[in-house]
Amino acid sequence: MTVRRRYVTLVICLFFLLITYLHYSTFPRIYSFHDIYKEFYYIPIFLGALAFGLKGALLIYASIFVFDLPFVIEGWTGAFVAEAGRLLHLGLQGLFAIFAGYLSDRERKARTHAEKERYLARTGQVATAIVHDLKNPLISILGFSKRIKDKKGNVDEAIDMVRDSALTMQKIVQDVLDFAKPLNLTLRREDIREVIDKACRLCETKAEGAGVEIVRRVPASPVSIEMDSFHLERSLMNLVSNAIEASGRGQRVSVSATPGKYKCTITVADQGSGMDEETLESIFVPFTTKKKEGTGLGMAIAKKIVDAHKGKIDIVSRPGQGTEVRIELPYRAGR
Ligand code: ADP
Ligand code: MG
């Protein structure tokens with residue numbers, strides 16, 4: 001049973017016991033109150049239908065019926081109109097239980113069906129995206145290897161192209177694996193400045209090629225955080241790499257770490273192209289990319305790693321004005 005269902009069950013039982021207690025504790029002294037108490041039985045029936053469907057609603061109705069029975073027998077007057085009214089009320093409660101339970105079951109079935117459809121559609125999209133990403137480098141490997149075999153054109157250049165394409169395929173496969181496999185973090189207290197430094201260094205060649213400068217702003221003293229440095233470094237590399245790709249020549253990408261009392265904030269900011277609403281909304285959705293060579297997995301992987309560290313990742317971005325990605329990691333100052 002889920003925690004939510006357990007709560008609902010507790011609330012239903014409390015309601016049920018309270019109403020039944022009111023019934024019995026005031027019987028037969030304040031008889032006129034019973035008509036009011038009876039109406040409150042609709043609440044546990046409704047909650048039961050919402051949480052457990054038809055079965056739940058009927059079970060609660062049956063309990064109400066059993067608990068109410070001695071009261072009905074005891075208060076039996078024999079007057080046709082009064083008793084018919086009481087029986088009608090019980091019957092209507094039963095009908096309400098069936099109707100509410102049926103609607104709740106129907107809604108749940110429709111939701112499960114829609115989720116399944118979405119899952120299947122997504123799986124199809126994912127498979128198509130992977131195949132599509134692998135197709136281009138594969139075509140170029142086939143083309144260039146044929147050239148090498150036929151000894152046509154510049155063989156060294158063709159070998160380089162085959163190698164580059166194979167590396168692209170390796171990156172796609174690595175990204176897919178990183179995204180698909182469960183994360184097993186090895187947590188250790190380490191200095192976040194070193195992780196930032198390594199991630200930036202690994203992106204330096206790419207930055208130089210794009211004419212982008214990476215600036216680091218970190219505290220002078222160590223900032224020790226419980227983390228898996230290997231994974232966090234990968235996460236930061238994805239962010240810095242995106243920032244470089246979005247930047248123009250001569251622009252800057254700044255990476256900073258700001259320790260607070262309970263959290264350490266790491267930001268990767270660029271002055272590049274920024275993002276529109278649509279891109280921002282789907283930025284963590286795997287395989288969503290606008291780049292010709294992109295896999296659309298970088299941000300999804302980065303989020304997965306930050307989430308595994310019980311951290312938070314936020315993005316502020318405006319088209320044409322750059323992007324700031326902010327990661328917050330749990331941190332205790334002075335520890
Ligand atoms: P990929 O880089 O392979 O496209 P990502 O998941 O890393 O996949 O990024 C998804 C998309 O988010 C990118 O295609 C890009 O459109 C957008 N994006 C991510 N970071 C930035 C950024 N710093 N500036 C502008 N757009 C970005
Ligand atoms: Mg990326």
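Me: How is the protein chain divided up?

Reply: In this predicted model, the protein chain is divided into domain 1, covering 3–113, domain 2, covering 129–180, and domain 3, covering 188–330.

Me: How far apart are the C-alpha centres of domain 1 and domain 2?

Reply: The C-alpha centres of domain 1 and domain 2 are separated by 68 Å.

Me: Let's go to the ligand. Which residues come nearest to ligand 1?

Reply: There are 20 residues around ligand 1, and those that come nearest are Asn242, Thr289, Lys291, Thr295 and Met299.

Me: And what sort of residues make up that shell, by class?

Reply: The shell around ligand 1 counts 11 polar residues, six nonpolar ones and three charged ones.

Me: Which helices supply at least two residues of it each?

Reply: Those are α7, which spans 229–246, and α9, which spans 298–308. The largest share of the shell around ligand 1 comes from α7, with three residues.

Me: What does Asp270 do with the ligand, in terms of distance?

Reply: An N or O atom in the side chain of Asp270 is 2.9 Å from a nitrogen atom of ligand 1. On the backbone side, a polar atom of Met299 is 2.8 Å from an oxygen atom of ligand 1, and a backbone N or O atom of Gly298 lies 3.2 Å from an oxygen atom of ligand 1.

Me: How much of ligand 1 does the protein bury?

Reply: Ligand 1 taken alone exposes 530 Å², and the protein buries 91% of that.

Me: Is Thr323 buried or exposed, and why?

Reply: Thr323 counts as buried because its relative accessible area is 8%, and buried means under 20%.

Me: Now a strand: where is Val255, and what does it touch?

Reply: Val255 is in strand β4, which runs over residues 252–259. Not counting residues up to four places away in sequence, Val255 touches Ile196, Cys200, Ile214, Val215, Arg216, Arg217, Val240, Thr267 and Val268. Val255 counts as buried, because its relative accessibility is 1%. Along the chain Val255 and Leu236 are 19 residues apart, and their C-alpha atoms are separated by 9.2 Å.

Me: Ile214 is in that list; what does Ala207 touch?

Reply: With residues up to four places away in sequence not counted, Ala207 touches Ile214 as well as Val212 and Ile244. Ala207 has its place in helix α6, residues 192–210, and it is buried, with a relative accessible area of 2%.

Me: What about Asp178, buried or exposed?

Reply: Asp178 is in helix α5 and is buried, because its relative accessible area is 11%. Leaving aside neighbours within four places in sequence, Asp178 is in contact with Arg234, Ile301 and Lys304. Asp178 and Lys304 are 126 residues apart along the chain, while their C-alpha atoms are separated by 9.5 Å.

Me: And Leu142, buried or exposed, and why?

Reply: Leu142, in helix α4 (residues 80–150), counts as exposed because its relative accessibility is 56%, and exposed means over 50%.

Me: Last topic, the loops. What is phi of Lys151, and where is that residue?

Reply: Phi of Lys151 is near 55°, which is a positive value in a residue other than glycine. Lys151 is found in the loop between α4 and α5 (155–180), and at 69% relative accessibility it counts as exposed.

Me: What is phi of Lys310?

Reply: Phi of Lys310 is near 60°, again a positive value in a residue other than glycine. Lys310 is in the loop between α9 and β6 (312–318), and it is exposed, with a relative accessible area of 71%.

Methods. Residues numbered from 1 in each chain as written. Chains lettered and ligands numbered in written order. Predicted model: local features only at pLDDT ≥ 70, side-chain atom pairs only at ≥ 80, totals over all residues. Heavy atoms only, no water. Near = heavy atom within 4 Å. Polar contact = N/O pair within 3.5 Å; in protein donor to acceptor, adjacent residues only side chain to side chain. Areas by Shrake-Rupley, 256 points an atom, 1.4 Å probe, with all protein chains shown as cover. Helix = DSSP H or I, 4+ residues; strand = E, 2+ residues; numbered from the N terminus. Nonpolar A, V, L, I, M, F, W, Y, C, P; charged D, E, K, R; others polar. Buried < 20%, exposed > 50% of the residue type's maximum accessible area, 1.4 Å probe, protein only. Domains from an automatic or database assignment. Contact = heavy atoms within 4.5 Å.
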